[in-house]
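Welcome! Please take a moment to look over the model below, and then we will walk through it together.

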Amino acid sequence: MFVAAFVALFEQSKKEPNVILMVVAIIVFMLGLMRLMSKVPGKGEKDNNNEV
C-alpha cells in the first residue's frame with residue numbers, strides 16, 4: 001500500500017507523468033485501504049455488542 005502511494009506521488013512529480021501507472025497505483029492504494037478499514041472496528045461497534 002505504501003509502495004503504491006509512493007509510486008503515484010513519484011510519478012506525479014515528473015515532467016510527463018505516466019497517467020496509467022498513476023491510476024493503477026491509486027487503485028492499488030485504495031483497495032489496500034479498503035481492506036485495512038474492513039478489519040478495524042468502528043467506534044460504536046464495541047458499545048453495540050454489550051447492549052444485547
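Is K14 buried, exposed or partly exposed? K14 is partly exposed, because its relative accessible area is 38%; buried means under 20% relative accessible area, exposed over 50% and partly exposed in between, with a 1.4 Å probe and protein chains only.

Before going further, a word on what you are looking at. This is a predicted model, in which local features need pLDDT of at least 70 and side-chain atom pairs count only at pLDDT 80 or more, while totals for chains, interfaces and linings use all residues. Residues are numbered from 1 along each chain as its sequence is written, and side-chain values use heavy atoms, with hydrogens and water left out. The average pLDDT (the predictor's confidence in each residue, from 0 to 100) is 84 for the protein, and 85% of the residues score at least 70.

Now for the overall layout. The protein has three helices and zero strands (helices are DSSP runs of H or I with at least four residues, strands are runs of E with at least two, and both are numbered from the N terminus). Of the 52 residues, 10% count as buried.

Let us turn to helix α1. Its twelve residues reach 17 Å from first C-alpha to last, close to the 16 Å expected at 1.5 Å a residue (the expected span is 1.5 Å times one less than the number of residues). Buried in α1 are A4, A8 and E11. Viewed down the axis of α1, the buried residues fall within an arc of 70 degrees, so they line one face of the helix; the arc is that of the directions from the helix axis to the C-beta atoms. An α-helix has 3.6 residues a turn, so residues three or four places apart point the same way. The buried residues of α1 pack against α2, while the face turned away from that buried side carries the exposed residues F2, V3, F6, L9 and S13.

What does the side chain of K14 meet in a salt bridge? Its partner is the side chain of E11, at 3.0 Å from N to O; a salt bridge is a side-chain nitrogen of Lys or Arg within 4 Å of a carboxyl oxygen of Asp or Glu. Side chains of opposite charge can pair when their charged atoms come close. The whole structure holds one salt bridge. E11 counts as buried because its relative accessibility is 6%. Leaving aside neighbours within four places in sequence, E11 is in contact (heavy atoms within 4.5 Å) with P17, N18, L21 and M22.
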